[in-house]
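Open the model in your viewer and keep the sequence beside it. This tour names what to select at each stop and says what is there.

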Amino acid sequence: MDVQAALQVLNKALALEYAGVLQYLQQSFLVQGPYREVHADFFRKLSDECRTHAARLGTYIVLLNGVPTVEPAPIRQSTDLTEMLKNSLELEREAYNTYLEGVRVAADEVPLRLLCEELAYDERLHMEAFEKMLAQKALRLADAEREIVLTRSA
Ligand SMILES: [Fe+2]
């Protein structure tokens with residue numbers, strides 16, 4: 001494994017997680033509307049999860065004799081819920097792609113590959129959550145699936 005390349009990817013991921021801590025917390029403060037409490041809780045939990053991811057990254061960076069960054073990636077803020085969701089999806093996508101890069105760079109360094117795979121898995125599920133909230137998924141039912149009739153077996 002190229003340790004310098006690994007440290008670069010891990011620090012890029014750490015900067016994104018720090019951005020997530022602040023961006024989600026800010027969104028939890030600013031979100032308004034009838035479903036404010038639902039979204040505020042959701043954003044607060046994601047902020048906590050970013051902090052947990054950041055801690056795992058910082059630990060591994062030092063394991064590789066690197067110094068963890070203290071600079072977050074750019075933070076996007078908005079007072080509009082839909083824009084918050086789009087900004088969130090964008091952040092999750094960047095983190096996901098960075099962890100995929102981490103998997104490639106980790107190569108045969110199994111523990112680092114496992115870490116990157118686990119974090120990629122988490123971010124993929126977060127992306128899915130935002131894609132659904134933004135109704136971006138192309139879910140189609142065939143005509144035959146629109147009405148399901150249950151029949152008693154003979
Ligand atoms: Fe994360």
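**Stop one: helix 2**

Select helix 2, then show helix 1 (3-30) and helix 4 (110-133), which are among the elements that cover its buried residues. Helices here are DSSP runs (H or I, at least four residues), strands likewise (E, at least two), numbered from the N terminus. This is a predicted model: local features need pLDDT of at least 70, side-chain atom pairs count only at pLDDT 80 or more, and totals for chains, interfaces and linings use all residues. Residues are numbered from 1 along each chain as its sequence is written.

Helix 2 covers residues 36-63, 28 residues in total. Its first and last C-alpha are 41 Å apart, close to the 40 Å expected at 1.5 Å a residue (1.5 Å times one less than the number of residues).

Now pick out the buried residues of helix 2: Phe 43, Leu 46, Cys 50, His 53, Ala 54, Leu 57, Gly 58 and Tyr 60. Buried means 20 or more other C-beta atoms within 10 Å of a residue's own, exposed means 12 or fewer, and partly exposed lies in between, with C-beta atoms placed from the backbone.

Step just past helix 2 to Asn 65, where phi is positive, about 65 degrees.

**Stop two: Leu 134**

Select Leu 134, in the segment after helix 4. Is Leu 134 buried or partly exposed? Leu 134 is partly exposed, because 13 other C-beta atoms lie within 10 Å.

**Last stop: the whole chain**

Zoom out to see four helices and zero strands.

Note on methods
Contact = placed C-beta atoms within 7 Å.
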